[in-house]
Amino acid sequence: MLATAAQEGLDVTGIAADLTAWEPQEDYDILLFDRTLHMLAAPDRRAVLTRSLPHLCPGGWVLISDEKGNLEDFRRIFAAEPGAWHTEQDSRGVLFMKRA
């Protein structure tokens, strides 16, 4: 994926880490959680997302593909900041949120 991004002239940072211990060190335009959060226990899923969101730039995107049953938990996290998030897609296990 990183090689393809470089060919397209995109500045992409790929990080492989233990999500339960990962602490973002910079701010990002996009946070992508593609079928990874469902592998964690519910408290860990919530902690990862809660810890990551402050590191998303204004106008940035959070893209989550996960088990449909987990999305309600994620929706609550975004709803805790009224007006800070806009839902772009919320269906069939996909939640795309944009920071205001």
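**Close-up 1. Salt bridge between Glu67 and Arg35.** Glu67 pairs with Arg35 in a salt bridge whose closest N and O atoms are 2.7 Å apart (side-chain nitrogen of Lys or Arg within 4 Å of a carboxyl oxygen of Asp or Glu). Glu67 sits in the loop between strand E2 (56-65) and H3, and Arg35 in the loop between strand E1 (28-34) and H2, so the pair ties together parts that are 32 residues apart in sequence. By this rule the count is 7 salt bridges. The model is predicted: local features need pLDDT of at least 70 and side-chain atom pairs pLDDT 80 or more, while totals for chains, interfaces and linings use all residues. Residues are numbered from 1 along each chain as its sequence is written, and side-chain values use heavy atoms, without hydrogens and water.

**Close-up 2. Crossing of helices H2 and H3.** The axes (lines fitted to C-alpha atoms over the stretch in contact) of H2 (residues 42-52) and H3 (residues 71-79) come within 10 Å and cross at roughly 35 degrees. The crossing is right-handed (near helix turned clockwise from the far one by less than a right angle). Contact (heavy atoms within 4.5 Å) involves Ala42, Arg45, Arg46, Leu49 and Thr50 of H2 and Asp73, Phe74, Ile77 and Phe78 of H3. Helices are DSSP runs of H or I with at least four residues, and strands are E runs of at least two, numbered from the N terminus.

Conventions: Axes are lines fitted to C-alpha atoms, for helices over the stretch in contact, and angles run from 0 to 180 degrees between N-to-C directions.
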